[in-house]
Amino acid sequence: MQGTFEIVGTLGTFLSFGDLIWRLIQFASEIIYHRDKYDNIRQIAELTFSGCSWTVAVLVIQIFTRIYTENFADLCDLAWKCFLFGPLYCLVQWHNSNSLYSTTIGLRKSRGLDCGTSLANSFFYGYLNIILANKGDGNKGIVERIQDFESTEHIEIPVKKLFILLPKSLYSHPLFNDCSENIIKIHNLEFIIRDRAGTTNRHYSNTVYKLLPKKYFVVAEAATPLLTFYETIKHNGDLRCFAPEVFDKFYHKLQNLLNSCPACRNLVVLVPYNDRTSSGEFTDVAQLLTDAVEQQLSPKVVQK
């Protein structure tokens with residue numbers, strides 16, 4: 001019986017040591033390759049080492065027991081075996097994506113089943129693919145609706161695309177003029193009306209804003225799936241650590257979907273941004289959109 005306990009204890013020590021080394025590798029990897037996806041290093045540490053209390057407990061017990069009994073020879077032997085077993089454990093973990101502790105790396109291994117990718121697919125197929133291009137069903141595409149708005153309001157919208165803001169905090173205000181004095185809500189474009197999923201005459205709309213001081217008109221909105229995830233985090237704080245990677249996966253998947261769709265490719269401008277300045281103030285959305293508009297225009301059109 002004593003021999004069995006010793007075997008179990010030694011095996012537990014090997015697994016604990018390997019687990020600790022694997023987490024340290026993950027921690028270093030996130031800092032080196034994906035530091036920009038986190039607010040601070042502490043967030044990486046909390047994510048990487050979450051749930052490893054048993055690892056530390058086993059190692060402390062094994063080490064303390066041998067020091068207390070002055071069995072230093074056995075301690076050295078155990079340490080030597082641990083350093084031999086550690087790389088093997090890490091190799092097994094590297095091939096087993098389900099064992100990855102890092103949210104960032106784990107989501108990259110999920111083959112499109114992660115939350116960010118799913119939100120992007122839903123946003124594209126359930127919304128953008130409906131409102132952007134002319135489907136030949138009596139509803140106009142966004143370019144035609146912008147042109148009709150220009151004729152009706154006697155204004156010019158210089159970039160006939162939909163600008164979608166992607167705040168990295170995931171939060172967006174109900175209206176852009178809530179967070180900037182230099183943006184004015186004008187009106188909505190003509191509605192797109194469709195029967196969808198059991199709802200008759202479902203309305204889809206887009207809003208035109210005026211940007212000051214240059215008086216550009218622009219069709220803009222924020223990505224509602226990001227706001228939905230932000231609101232979900234408020235009710236489930238455990239999801240907060242996933243936010244940076246959800247944002248990253250959402251942005252890149254949505255851009256890929258738009259690029260791969262000939263009918264939608266040149267109708268959307270994605271604008272990812274940090275929505276808080278270094279002083280904690282909200283980023284000026286009017287200036288952000290002004291910069292995005294001018295990037296879309298020819299240098300001959302905008303006199304800087």
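What share of the contacts in the protein chain with a separation of 6 or more comes from residues 24 or more positions apart? The answer is 69%, where a contact means heavy atoms within 4.5 Å. Before we go on, a word about what you're looking at: this is a predicted model, in which local features need pLDDT of at least 70, side-chain atom pairs count only at pLDDT 80 or more, and totals for chains, interfaces and linings use all residues. Residues are numbered from 1 along each chain as its sequence is written, and side-chain values use heavy atoms, with hydrogens and water left out.

Let's start with the overall layout. The protein chain has 10 helices and seven strands; these are DSSP runs numbered from the N terminus, with helices being H or I over at least four residues and strands being E over at least two. Of the chain's 304 residues, 42% count as buried. Buried here means under 20% relative accessible area, exposed means over 50%, and partly exposed is in between (1.4 Å probe, protein chains only).

Now for the inside. In soluble globular proteins, nonpolar side chains tend to be buried together. A nonpolar core is a set of buried Ala, Val, Leu, Ile, Met, Phe, Trp, Tyr and Cys residues joined through side-chain atoms within 4.5 Å. The largest one here has 39 residues, and L128 and L132 touch the most other members. Elements giving two or more residues to this core are α6 (115-131), α7, β1, β6, α8 (224-235), α9 (243-259) and β7 (268-273). Helix α6 gives the most, with eight residues. Take a look at L128: setting aside neighbours within four places in sequence, L128 is in contact with F123, L162, I164, L254 and L258. Another core lies apart from the largest one, and its 22 residues include F176, C179, V269 and L297.

Two of those helices, α8 and α9, are worth a visit. Two packed helices are described by the angle between their axes and the distance between the axes. For α8 and α9, the angle is about 165° and the axes are 11 Å apart; axes are lines fitted to C-alpha atoms, for helices over the stretch in contact, and angles run from 0 to 180 degrees between N-to-C directions. So α8 is roughly antiparallel to α9, a label for angles over 145 degrees. Where they meet, P225, L226, F229 and I233 in α8 face A243, V246, F247 and F250 in α9.

Finally, look for charged partners. The structure holds four salt bridges, each a side-chain nitrogen of Lys or Arg within 4 Å of a carboxyl oxygen of Asp or Glu. K140 pairs with D148, with the closest N and O atoms 2.5 Å apart. K140 is partly exposed at 32% relative accessible area, and D148 is partly exposed at 29%.

E150 and K160 form another salt bridge, at 3.1 Å from N to O. E150 sits in helix α7 (residues 142-153), while K160 is in the loop between α7 and β1 (162-167), 10 residues apart. E150 is buried at 13%, whereas K160 is partly exposed at 27%.

Then there's E294 with K214, at 2.7 Å from N to O. E294 lies in helix α10 (residues 285-296) and K214 in the loop between β5 (207-211) and β6 (216-222), so this pair ties together parts that are 80 residues apart in sequence. E294 is buried at 10%, but K214 is partly exposed at 44%.

Definitions and conventions. Angles under 35 degrees count as roughly parallel, over 145 as roughly antiparallel, 65 to 115 as roughly perpendicular and the rest as oblique.
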